[in-house]
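Subject: Structure for you, with notes on what it contains

Dear colleague,

I am handing over the structure below, followed by notes on what was found in it. Please read the notes alongside the coordinates.

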Amino acid sequence: LTDRYGLKWILSSNIVLYVSGYILASFGTSFTHLLLTQGIMVGISNGMLYWGSISLVSMWFKKKRGLASGFSTLGSGLGNFAIGILTEKWINEKGTAYALR
């Protein structure tokens, strides 16, 4: 996809899909709504953003490419871990709609 459409288009469209998925999930009233928004929209866009960011890092670093990709992967994992903890905390304190917006 990156070769066909370009990295800029892939990343920007998936950022919009990622944010839209969370915003739409905050308005969901059933499990099906959460499945469609968070499960499918956020899941697909998160995977595409991860894939795009890893390929972007490997384009910039010629020396120590493996180390740079490792740090990028580490940052992605830690970021997703932190978002999970913060979302759970916000859901317990302020409610689901606040946590997902």
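Throughout these notes, a residue is called buried under 20% relative accessible area, exposed over 50%, and partly exposed in between, with a 1.4 Å probe and protein chains only. By that rule Asn14 counts as buried because its relative accessibility is 7%.

The model is a predicted one, in which local features need pLDDT of at least 70 and side-chain atom pairs count only at pLDDT 80 or more, while totals for chains, interfaces and linings use all residues. Residues are numbered from 1 along each chain as its sequence is written, and side-chain values use heavy atoms, with hydrogens and water left out.

The overall fold

Helices (H or I, at least four residues) and strands (E, at least two) are taken as DSSP runs and numbered from the N terminus; on that basis the chain has five helices and zero strands, and its pattern along the sequence reads α-α-α-α-α. The C-alpha trace spans about 50 × 30 × 15 Å along its principal axes, and 26% of the 101 residues are buried. With contact meaning heavy atoms within 4.5 Å, 54% of the contacts between residues at least 6 apart in sequence join residues at least 24 apart. The accessible surface (Shrake-Rupley method, 1.4 Å probe, with only the protein chains shown counting as cover for residues) comes to about 7100 Å², of which carbon and sulfur atoms hold 69%.

Helix H2 and its aromatic pair

Asn14 lies in helix H2, and, leaving aside neighbours within four places in sequence, Asn14 is in contact with Ser45, Met48 and Leu49. Rings of Phe, Tyr and Trp (its six-membered ring) are paired if their centres lie within 6.5 Å, with planes under 30 degrees apart counted as stacked, over 60 as edge-to-face and the rest as tilted; the count by this rule comes to one aromatic pair. The pair is edge-to-face because the ring centres of Tyr18 and Tyr22 are 5.3 Å apart and the ring planes stand at 80°. Tyr18 and Tyr22 are four residues apart in helix H2 (residues 7–26), and so are separated by about one helical turn; both Tyr18 and Tyr22 are buried.

Leu1 lies in the segment before helix H1 (2–5) and counts as exposed because its relative accessible area is 51%. Beyond its neighbours within four places in sequence, Leu1 is in contact with Gly6, Ile10, Met48 and Trp51, and the C-alpha atoms of Leu1 and Gly52, 51 residues apart in sequence, are 9.8 Å apart in space. Trp51, in helix H3 (residues 31–60), is partly exposed at a relative accessible area of 37%.

Patches are built from residues with over 30% relative accessible area and no salt bridge, joining like charges within 9 Å and nonpolar side chains (Val, Leu, Ile, Met, Phe, Trp, Tyr) within 5 Å, where a salt bridge is a side-chain nitrogen of Lys or Arg within 4 Å of a carboxyl oxygen of Asp or Glu. Leu1, Tyr5, Trp9 and Trp51 form a nonpolar patch of this kind on the surface, with about 470 Å² of accessible area together.

The loop between H3 and H4

Lys64 is placed in the loop between H3 and helix H4 (65–94), where its phi is near 55°, a positive value in a residue other than glycine; at 63% relative accessibility, Lys64 counts as exposed. Phe61 is found in the loop between H3 and H4 and is partly exposed, with a relative accessible area of 40%.

Best wishes
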